[in-house]
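Have a look at the picture first, then read on.

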Amino acid sequence: YSICWCPDRGPSSLVVGVGPIVKIYRKDSNGKWAQTEIMRCGDEKDDKSGELVTDVSWSPSFGRAAQFIAVGSTFGKIRIYKIFDDISKSKTGQYKKELIVEFLNDENKRDIMEGLQRGSRNAVWKVDWNAMGNVLSCCSDDGCVRLWKAGYLGDWMCLAVLKSE
């Protein structure tokens, strides 16, 4: 299980990782909590893969129109979702989500399927954004902390690998 509050002001929101599912909850104008969005590890239609959410982190937006939620998994994958208000459902306080990137926590930037076939399944146990919300840190079974940042064209680059040795 994992939980993280939305760091921005506005309606209270939080993200919860439970098993293979990530849920977003938002407090409505009546003070009641409502589930607004669901995301799933692995195949959206099949949760039999065995992949589980290990951690979730909601980035600060710092004036951006969208926010980001990072999700770590037992398969060593990191998924980053773009979250923004659904204007068409603004009265109900819904969010819209978009999976913008999915990659292995591996600075060699192997293809996900190739990495999984080679046995690169270092579970990602913690994901956390920096104060500006533009660098993501991840720690995994191999004892390393990796710092990730999106490049100009949206490709994610490993900035540093901090080893526990």
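Which residue in S11 is the bridge partner of cysteine 138? The partner is arginine 146.

Before going further, a word on the ground rules. This is a predicted model, where local features need pLDDT of at least 70 and side-chain atom pairs count only at pLDDT 80 or more, while totals for chains, interfaces and linings use all residues. Residues are numbered from 1 along each chain as its sequence is written, and side-chain values use heavy atoms, with hydrogens and water left out.

**Hairpins**

Strands here are DSSP runs marked E of at least two residues, numbered from the N terminus. Two of them pair if DSSP finds at least two bridges between them. S10 and strand S11 (residues 144–150) run antiparallel and are joined by 5 bridges. S11 also runs antiparallel to S12, this time with 7 bridges. Arginine 146 turns up again here, with valine 161 as its bridge partner in S12. Elsewhere, S3 and strand S4 (residues 33–40) pair in the antiparallel sense over 7 bridges, and valine 22 stands opposite methionine 39 in S4.

| Hairpin | Residues between the strands | Glycine in the turn | Phi |
|---|---|---|---|
| S3 and S4 | 5 residues | glycine 31 | about 80 degrees |
| S10 and S11 | 3 residues | glycine 143 | about 80 degrees |
| S11 and S12 | 5 residues | glycine 154 | about 90 degrees |

Serine 140 lies in strand S10 (residues 135–140). Is serine 140 buried or exposed? Serine 140 counts as buried, because its relative accessibility is 9% (buried means under 20% relative accessible area, exposed over 50%, and partly exposed in between, using a 1.4 Å probe and protein chains only). The side chain of serine 140 makes a polar contact of 3.5 Å with the side chain of arginine 146. A polar contact is a pair of N or O atoms within 3.5 Å; within protein, one must be able to donate a hydrogen and the other to accept it, and residues adjacent in sequence count only if both atoms are side-chain atoms. Contact in the plain sense means heavy atoms within 4.5 Å. Not counting residues up to four places away in sequence, serine 140 touches Asn105, Asn122, Ala123, Val124, Trp125 and Arg146.

Aspartate 55 sits in strand S5 (residues 53–58) and counts as buried because its relative accessibility is 6%. Its side chain has a polar contact of 2.6 Å with the side chain of serine 2. Leaving aside neighbours within four places in sequence, the contacts of aspartate 55 include Ala70, Val71 and Trp125.

Glutamine 67 is in strand S6, and at 15% relative accessibility it counts as buried too. A polar contact of 2.3 Å joins its side chain to that of tryptophan 58. The C-alpha atoms of glutamine 67 and aspartate 8 are 9.3 Å apart, although the two residues are 59 residues apart along the chain.

**The nonpolar cores**

A nonpolar core is a set of buried Ala, Val, Leu, Ile, Met, Phe, Trp, Tyr and Cys residues joined through side-chain atoms within 4.5 Å. The largest one has 15 residues, and Val22, Val56, Trp58 and Val71 are among those with the most contacts inside it. Strand S3 (21–27), S5, strand S6 (67–73) and strand S7 (77–85) each supply at least two residues of this core. S5 gives the most, with 3 residues. Apart from this core lies another, of 13 residues, including Ala70, Val127, Trp129 and Cys138.

**Aromatic rings**

Rings of Phe, Tyr and Trp (its six-membered ring) pair if their centres lie within 6.5 Å; planes under 30 degrees apart count as stacked, over 60 as edge-to-face and the rest as tilted. By this rule there are 5 aromatic pairs. Phenylalanine 103 and tryptophan 156 have ring centres 6.2 Å apart and planes at 20 degrees, so the pair is stacked. Phenylalanine 103 lies in strand S8 (residues 95–104) and tryptophan 156 in strand S12 (residues 156–163), so the pair ties together parts that are 53 residues apart in sequence. Both residues are buried. Tryptophan 129 and tryptophan 156 also have centres 6.2 Å apart, but with planes at 65 degrees, so this pair is edge-to-face. Finally, Phe68, Phe103, Trp129, Trp148 and Trp156 form one aromatic cluster.

Conventions: Helix = DSSP H or I, 4+ residues; strand = E, 2+ residues; numbered from the N terminus.
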